[in-house]
Amino acid sequence: MAAIEFINRKNKSKQSMKRVLKYIVQESKTEEHLIFGMYCNKDTAYEDFVQVKQLFGKEDGRQYIHFVQSFSPDENISPELANEIARRLISHPMFEGFQILMATHTDTPHIHTHFVINTVNAQTGLKWHKCALPA
């Protein structure tokens, strides 16, 4: 069974957002077919995120949300299955309109997927605010 961890680091600068986006798509950690952009191009995600922030005048404050979905090495899950599960997770309505860059990493014994979410919704301009997952 997957575990989901919220990575709560200071991320109030565009540079920190650029670094985390670059980190999750490193060739040494993942493969091209395990990278996916929702409402953004996986190759230009940083620029896409910034453009939405500028469009709605919301460039201050938290820049992104980062979480990781991990599987135990005992689960013997393939990177492709982990990636498919991750894609199904972000198809949940709570992510509607939010740009997300995700990448499944294969560089450790436990397969895991990183998600970086733009805090500004590309459709509504509202900032991310989730207290709990809806039922």
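# Reading helices, strands and cores

What covers the buried residues of α3 includes β2, β3, β4 and β5. This is a predicted model.

Me: Which residues of α3 are buried?

Reply: Start with the general idea. An α-helix has 3.6 residues a turn, so residues three or four places apart point the same way. Now the case here. The buried residues of α3 are Ala82, Asn83, Ala86 and Ile90. Seen down the helix axis, the buried residues of α3 fall within an arc of 100 degrees, so they line one face of the helix.

Me: How many residues does α3 have, and what length does it reach?

Reply: α3 has 12 residues. From first C-alpha to last, α3 reaches 17 Å, close to the 16 Å expected at 1.5 Å a residue.

Me: Take Asn83 in α3. Is Asn83 buried or exposed?

Reply: Buried means under 20% relative accessible area. Asn83 has 4%, so Asn83 counts as buried. Leaving out residues up to four places away in sequence, Asn83 touches His33, Leu34, Met102 and Thr104.

Me: Now strands. Which residues of β5 lie on each side?

Reply: In a regular strand the side chains alternate between the two faces of the sheet. In β5, His112, His114, Val116 and Asn118 are on one side. Thr113, Phe115 and Ile117 are on the other. Both faces of β5 are covered, and these residues are all buried. The count for β5 is 7 of 7 residues buried.

Me: Which strands pair with β5?

Reply: β3 pairs with β5 in the antiparallel sense, over 7 bridges. Tyr64 has Asn118 of β5 as its bridge partner. β4 also pairs with β5 in the antiparallel sense, over 6 bridges. There, Met102 has Phe115 of β5 as its bridge partner.

Me: How many residues does the hairpin use to join β4 to β5?

Reply: The hairpin joins β4 to β5 through 6 residues.

Me: What covers the buried residues of α2?

Reply: The cover includes α1, β4 and β5. The buried residues of α2 are Ala45, Tyr46, Asp48, Phe49, Val50, Val52 and Lys53.

Me: Which residues touch the most other members in the largest nonpolar core?

Reply: In soluble globular proteins, nonpolar side chains tend to be buried together. Here the largest nonpolar core has 14 residues. Met17, Leu21, Phe49, Leu101 and Val116 touch the most other members. α1, α2 and β4 each supply at least two residues of this core. Apart from it lies another core, of 13 residues, among them Met38, Phe95, Met102 and Phe115.

Me: What does Leu101 touch?

Reply: Leave out residues up to four places away in sequence. The contacts of Leu101 then include Leu21, Ile24, Val25, Phe49 and Val116.

Me: Last topic: phi. What is the phi of Tyr39?

Reply: Most residues other than glycine have a negative phi, and most peptide bonds are trans. Tyr39 has a positive phi, near 60 degrees. Tyr39 sits in the loop between β2 and α2. Tyr39 is partly exposed, with a relative accessible area of 38%.

Me: Where is Asn76, and what is its phi?

Reply: Asn76 lies in the loop between β3 and α3. The phi of Asn76 is near 55 degrees, a positive value. Asn76 is exposed, with a relative accessible area of 72%.

Definitions and conventions. Residues are numbered from 1 along each chain as its sequence is written. This is a predicted model: local features need pLDDT of at least 70, side-chain atom pairs count only at pLDDT 80 or more; totals for chains, interfaces and linings use all residues. Side-chain values use heavy atoms; hydrogens and water are left out. Helices (H or I, at least four residues) and strands (E, at least two) are DSSP runs, numbered from the N terminus. Buried means under 20% relative accessible area, exposed over 50%, partly exposed in between (1.4 Å probe, protein chains only). Contact means heavy atoms within 4.5 Å. Two strands pair if DSSP finds at least two bridges between them. The expected span of a helix is 1.5 Å times one less than its number of residues. The arc is that of the directions from the helix axis to the C-beta atoms. A nonpolar core is a set of buried Ala, Val, Leu, Ile, Met, Phe, Trp, Tyr and Cys residues joined through side-chain atoms within 4.5 Å.
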